[in-house]
Amino acid sequence: QGGDVATTSAAVQNCSRITLDGDTDAEVIADDTARGVALLKPKAALAPRAVASFAAAPARLQSDVAVAGYSFEGVLNAPSMSFGTLADVRGLDGEENVSRLALRARAGDAGGPVLDRAGAVIGMMTAAPEGGPQLPDDVSFALNAATIVEASKDAGIKLPASADEGSASLTSFQLSEKASGMTVLVSCWE
């Protein structure tokens with residue numbers, strides 16, 4: 001309601017000011033560092049073009065996914081889209097709250113929604129783990145939808161109803177339009 005935003009916990013650390021899309025101030029209403037999710041509320045209500053609806057069931061392995069993110073960290077005035085597949089429903093070390101994607105992502109994509117072909121959110125991009133081995137370019141990670149939903153409920157945020165399983169697939173253009181409408185640039189000012 002009013003344009004609440006989910007992003008990664010790492011994105012809001014040590015910020016003296018947080019803005020959405022460069023000009024709307026926002027405040028952190030919950031920073032769930034254990035789950036890696038931060039929830040933001042704009043100081044002035046927003047009317048986003050699209051609102052995230054979470055998938056009712058986990059996505060299937062090898063299903064197509066799309067990610068909307070500010071790959072170039074605000075250089076472009078709209079989110080970029082990346083397409084790939086769900087490679088595993090666990091992280092490399094068996095983490096159950098993380099999915100592994102076969103998708104090339106950039107650091108600026110962290111916090112962006114991961115959608116299935118019907119446009120339902122199945123996760124949120126995270127940054128690549130630090131200090132580990134160099135991974136192939138097409139290995140990316142996302143927090144799963146259940147993790148975001150749990151963090152939101154704990155923070156008292158009422159979420160839209162889950163998306164119906166088996167909804168019709170959207171074209172790449174429709175998916176891009178939907179994803180762009182629900183994705184904002186989160187900026188941390190130190």
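Modeller: Happy to. The cover over the buried residues of H2 includes E5, E6, strand E8 (113–116) and strand E9 (121–126), with contact meaning heavy atoms within 4.5 Å. Helices (H or I, at least four residues) and strands (E, at least two) are DSSP runs, numbered from the N terminus. This is a predicted model, where local features need pLDDT of at least 70, side-chain atom pairs count only at pLDDT 80 or more, and totals for chains, interfaces and linings use all residues. Residues are numbered from 1 along each chain as its sequence is written, and side-chain values use heavy atoms, with hydrogens and water left out.

Biologist: Which residues in helix H2 are buried?

Modeller: Buried means under 20% relative accessible area, exposed over 50%, partly exposed in between (1.4 Å probe, protein chains only). In H2, residues 172–182, that gives Leu 175, Ser 176, Ala 179, Ser 180, Gly 181 and Met 182.

Biologist: And is Val 75 buried or exposed?

Modeller: Val 75 lies in the loop between strand E5 (64–69) and strand E6 (80–88). Its relative accessible area is 68%, so Val 75 is exposed.

Biologist: What is the order of the strands in the open sheet?

Modeller: Strands pair if DSSP finds at least two bridges between them. Strand E1 (5–8) and strand E11 (186–189) each have a single partner strand, so they stand at the edges. The five strands pair antiparallel, in the order E1-E4-E3-E2-E11.

Biologist: In E3, what is the bridge partner of Leu 20?

Modeller: Strand E2 (residues 17–20) runs antiparallel to strand E3 (residues 24–32), and three bridges join them. For Leu 20, the partner in E3 is Thr 24.
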